[in-house]
Amino acid sequence: MKPNCHLCANAPVKNMDLQALVKSGFRDAKESMPLLPMFHKESGKVEKTRTGTSWPVAAFLLVNAALGAGVLNYPYAYDKAGGVVFAAFLQIIMMVVLISTMLVLVYSADVNNDNTYHDVLLSLCGRRAQQFAAVSILLTCYGICITFLIIIGDQYDRLFLSLFEKDFCTQWYLDRRFTITVTSVLCILPMCYFQRLDFLRYASTLGIFAMLYPVFLTVYEYYKLDIQPGRIKVVPDSAVEVFVVIPVFSFAYQTHEIVVPVYACMKDRNLRDFTKATFLAMGILFFIYCIAGSFGYMTFGSLIAPDIMEQYDATDPVVLIGIGALVVKMITTYPQLVVCGRGALDGLYAEFAHLSIDQFIKGEFKRRIVVTSLWFASTLLLAVLAPNIGVVIELLGCLASVNIFIFPGLCLIALAIRDDEYLEEFKSRMKCFVACLMIMFGTFVFGVVFTKVIMYDMLNKSGKVPHPKC
C-alpha cells in the first residue's frame with residue numbers, strides 16, 4: 001500500500017471534525033484552508049505523537065510505506081533494465097535523486113511547520129498545486145486497487161494451473177475473469193461500504209509478511225528449481241526500455257507522500273535526523289529489492305513474467321503459503337485504499353461543487369454508496385482487461401514521477417523565490433536551475449512511459465488471450 005492511504009484509511013467523517021475544520025463552510029473557504037478534511041485531521045494526530053518517534057522508527061515507517069505490489073514486478077523490471085548489474089547501478093542513481101527530492105520536501109515543510117504533503121504544496125505553491133496533488137493521490141489509490149485485483153487473479157492462475165493443468169485453459173470457472181470477479185464481489189465489495197475500517201487494523205499487519213515472502217521465495221526457488229533460464233542481459237535492449245523502467249523503480253522506492261507526516265512525528269524534528277532515517281530506509285529497500293530482483297531474474301532470465309509468483313509451482317506448500325498470504329493481503333488492503341481515495345474525492349467534490357458544511361454532511365452516505373460502487377465496478381473492469389500487472393505499475397510509475405520530481409521541483413522554485421525574489425544570488429539561481437531539471441525530467445519520463453503503455457501495451461496487445469500460459 002502506498003503512503004497516504006495509511007494516513008486516512010481509518011479516518012471517520014464526523015460532524016464535529018468537519019465543523020472544527022470548516023467553521024465557515026466550504027463555500028467561504030479561504031486560500032489557507034486545507035483541501036481535504038481527512039488529511040488535515042490525520043496531520044493533527046501526527047502532531048500529537050510527534051514526541052515519541054525516533055529516527056530508526058521513522059526509517060521503518062518509510063520502508064513499510066514503500067513495500068508493496070512493486071516487489072512482485074521487480075525481477076521483470078530487471079530484465080527491462082538490462083540485467084542485474086545495470087539495474088543495480090540504475091537503482092543507486094535513482095536513490096540519490098529520490099533522497100534529494102525527499103529532503104527538499106522536508107526542508108520545505110519547515111518553512112511553515114507543515115505536517116502533510118498537501119500542506120507543503122498549499123504553503124509554497126498555492127491552492128491549485130494542492131488540488132493537483134489530491135488528484136494524483138486519488139489516481140494512485142485507484143491504480144493500486146487495479147493492481148491488487150490483478151494480483152489476486154495471478155495467484156489463482158498459478159494455483160489452478162498447478163492443480164488442474166490441462167483443464168486450466170478450457171474450464172470457464174478457472175478463467176481469471178471469473179475468479180477475480182467472484183472474489184472481489186464476495187470478499188472485497190461488502191467491506192468497501194463501511195465508513196471506517198478499524199476492524200482491518202490487525203489483518204493489515206499481514207502486509208509486511210506478504211510483501212517480504214516473495215523475496216524469500218526468489219532465493220528459495222533459485223536454489224530449488226532446475227530449469228534453463230532465458231537470455232541473461234548485461235545491457236538494456238534500448239534507451240526506451242531504460243526510461244520505461246525508471247518509473248517502476250521510482251514507484252518501488254516512493255515514500256514522498258508520507259515523508260512530511262513521518263518527519264512531523266519525529267521526536268527531534270530536524271533535517272539531520274531525518275537524513276539518517278532516509279539513508280537507512282533506502283539502504284534496507286535497496287537490499288530487499290536487489291535480492292528479489294537478482295535471484296528472480298537469474299532464475300528465469302528473459303522468460304520472467306511480470307508477476308514473479310506466476311512462475312512458481314503452487315503445489316509446493318512453501319509457495320502455497322505465499323499465494324494465500326498475498327490474496328488475503330490484497331483483499332484486506334483494497335478497502336483501505338477505497339476509503340483513502342473516497343476521502344480525497346470528497347474533498348475535491350466539496351471544493352468544486354461549493355458545498356456548505358450541512359450539504360456535505362447530509363450527502364455523505366449517498367456519496368459513499370455511489371462513489372464506492374463506481375470505484376469498485378470500474379477497477380474490476382480494468383483489472384480484467386489489463387494485460388498484466390506490469391502495465392498498471394508502469395502507469396503508477398508515471399504518477400510517481402509527478403509526486404517525486406514535479407511537485408518537489410515546484411516547491412524548490414517557490415523556496416528560491418521566497419528567499420530571493422529577483423534571483424540575484426547565485427544560490428537562488430542554482431535552486432531554480434535544479435528545480436527546472438527536476439520538473440523537465442519528471443515530465444519527460446511521464447510522457448515517454450505513458451505513451452509507450454497506451455500505444456504498445458494497451459492498444460497493440462488488446463487482443464491478448466486471458467491466460468498467457470495457454
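The side chains of Arg368 and Glu364 meet in a salt bridge, with N and O 2.9 Å apart, where a salt bridge is a side-chain nitrogen of Lys or Arg within 4 Å of a carboxyl oxygen of Asp or Glu. This is a predicted model, in which local features need pLDDT of at least 70 and side-chain atom pairs count only at pLDDT 80 or more, whereas totals for chains, interfaces and linings use all residues. Residues are numbered from 1 along each chain as its sequence is written, and side-chain values use heavy atoms, with hydrogens and water left out.

Helices (H or I, at least four residues) and strands (E, at least two) are DSSP runs, numbered from the N terminus. Arg368 and Glu364 are both buried, a word that stands for under 20% relative accessible area, with exposed for over 50% and partly exposed for values in between (1.4 Å probe, protein chains only). For Glu364 the relative accessible area is 11%. Glu364 also lies 9.7 Å from Gln195 in space, C-alpha to C-alpha, although 169 residues separate Glu364 and Gln195 in sequence.

**Other charged contacts**

Side chains of opposite charge can pair when their charged atoms come close. By the rule given above, the count comes to 14 salt bridges, and the table lists three of them, including the one already described.

| Salt bridge | N to O distance |
|---|---|
| Arg368 and Glu364 | 2.9 Å |
| Asp237 and Arg231 | 3.2 Å |
| Arg418 and Asp419 | 3.8 Å |

Asp237 is partly exposed, with a relative accessible area of 48%, and Asp237 and Arg231 belong to a network of salt bridges that also links Asp79 and Lys233. Another charged group, the end of Arg367, sits over the ring of Phe360, 4.4 Å from the ring centre; a charge sits over a ring if NZ of Lys or CZ of Arg is within 6 Å of the ring centre and within 35 degrees of the ring normal.

After α5 comes Gly82, whose phi is positive, near 105 degrees.

Tyr74 and Tyr78 form one aromatic cluster with Phe249, Tyr253 and Tyr289. Rings of Phe, Tyr and Trp (its six-membered ring) pair if their centres lie within 6.5 Å, and planes under 30 degrees apart count as stacked, over 60 as edge-to-face and the rest as tilted. The count by this rule comes to 22 aromatic pairs. One of these, between Trp172 and Tyr173, is edge-to-face, with 5.7 Å from centre to centre and 85 degrees between the planes. Trp172 is exposed, with a relative accessible area of 59%, whereas Tyr173 counts as partly exposed at 37%.

**Helix packing**

Two packed helices are described by the angle between their axes and the distance between the axes. Here axes are lines fitted to C-alpha atoms, for helices over the stretch in contact, and angles run from 0 to 180 degrees between N-to-C directions. The axes of helix α9 (residues 176–192) and helix α14 (residues 317–353) come within 9 Å and cross at roughly 45 degrees. That makes α9 oblique to α14, since angles under 35 degrees count as roughly parallel, over 145 as roughly antiparallel, 65 to 115 as roughly perpendicular and the rest as oblique. The crossing of α9 and α14 is right-handed, whereas α7 passes α17 in a left-handed crossing; a crossing is left-handed if the near helix is turned anticlockwise from the far one by less than a right angle, and right-handed if clockwise. For α7 and helix α17 (residues 389–419), the packing angle is about 40 degrees and the axes are 9 Å apart, and these two helices are therefore oblique to each other.

**Loop residues with positive phi**

Most residues other than glycine have a negative phi, and most peptide bonds are trans. Asn113, although not a glycine, has a positive phi of about 55 degrees, and is found in the loop between α6 (84–109) and α7 (117–125). His354 has a positive phi of about 55 degrees although it is not a glycine, and lies in the loop between α14 and α15 (357–362). Asn113 counts as partly exposed at 42% relative accessibility, and His354 counts as partly exposed at 46%.
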